[in-house]
Amino acid sequence: MRCKKIYQIAKEIDNLSKVRTKDILKKLEKFSPKFLGRGKYKRAFLITCISKEYVFKIGELIQVDKQIFESLRYNRKMSYAKIYWTTEKCLLQRKCEIVDLSDEEIKLRKKNAKLLGYSDARKSNLGMNNGKIIAFDLKPIGEIK
Ligand SMILES: Nc1ncnc2c1ncn2[C@@H]1O[C@H](COP(=O)(O)OP(=O)(O)O)[C@@H](O)[C@H]1O
Ligand SMILES: [Mg+2]
């Protein structure tokens with residue numbers, strides 16, 4: 001398992017009734033956490049584990065992210081950042097490079113995501129991995145508001 005120690009911390013976080021960003025940073029202390037931001041559904045942290053960077057997320061709809069990753073796994077039209085594991089409220093994901101994408105590139109991802117039943121392929125949810133543009137956060141069309 002990738003970053004087993006972080007998986008154990010994730011299990012602890014699952015059991016907290018109130019998850020404060022400050023407490024998460026403290027729990028992840030050994031992995032040089034940096035708060036990346038929060039959107040409507042998740043909080044994201046950059047962490048370093050055995051010299052490699054990952055993105056650790058906490059949210060309520062984590063299983064949806066996992067399902068999206070699985071459903072796009074072998075898709076040529078749209079790639080989704082690898083999710084190594086999930087717990088009830090947390091996940092560990094491949095870190096993507098945040099690059100300046102052109103309107104054309106974003107438009108194509110939006111179109112392809114829509115064809116596959118997903119929305120939200122906007123600039124703040126896309127990154128680069130191995131020279132390819134990939135999404136790290138999508139939503140199933142119509143399911144969550
Ligand atoms: N895999 C990733 N690689 C790099 N940055 C990421 C990754 N996942 C999230 N981020 C950063 O964290 C922010 C919030 O994460 P995101 O998954 O989009 O959560 P939300 O559902 O709240 O929008 C993103 O806008 C992005 O800046
Ligand atoms: Mg997002």
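Residues are numbered from 1 along each chain as its sequence is written, while chains are lettered from A and ligands numbered from 1 in the order in which they are written. In this predicted model local features need pLDDT of at least 70, side-chain atom pairs count only at pLDDT 80 or more, and totals for chains, interfaces and linings use all residues.

Reader: In what order do the five strands of the open sheet lie?
Author: Strands here are DSSP runs of E with at least two residues, and helices are runs of H or I with at least four, numbered from the N terminus. Two strands pair if DSSP finds at least two bridges between them. The pairing in this open sheet is antiparallel, and the order is S1-S2-S3-S5-S4.

Reader: Why is one side of S1 and of S4 left without a neighbour in the sheet?
Author: Strands of a sheet pair through backbone hydrogen bonds, either parallel or antiparallel. One side of S1 and of strand S4 (83-86) has no neighbour because each stands at an edge, with a single partner strand.

Reader: Which residue in S5 is the bridge partner of Trp85?
Author: Good one to look for in the structure. S4 and S5 pair in the antiparallel sense over three bridges. In S5, the partner of Trp85 is Leu92.

Reader: Which strand gives the largest share of the shell around ligand 1?
Author: A residue is near a molecule or strand if its C-beta atom, placed from the backbone, lies within 6 Å of it. Of the 21 residues around ligand 1, Gly39, Lys42, Ala44, Phe136 and Asp137 come nearest. Strands S1 (34-38), S2 (42-49), S3 (52-59) and S5 (90-94) each supply at least two residues of the shell. The largest share, three residues, comes from S1.

Reader: Which residues does Ile47 contact, leaving aside its neighbours within four places in sequence?
Author: Contact means that two C-beta atoms, placed from the backbone, lie within 7 Å. With that rule, the partners of Ile47 are Ile6, Leu28, Phe31, Ser32, Pro33, Tyr54 and Phe56.

Reader: Does Ser51 count as buried or exposed?
Author: A residue is buried if 20 or more other C-beta atoms, placed from the backbone, lie within 10 Å of its own, exposed if 12 or fewer, and partly exposed in between. Ser51 is found in the loop between S2 and S3, and its phi is near 60°, a positive value in a residue other than glycine. Because Ser51 has 5 C-beta neighbours inside 10 Å, it counts as exposed.
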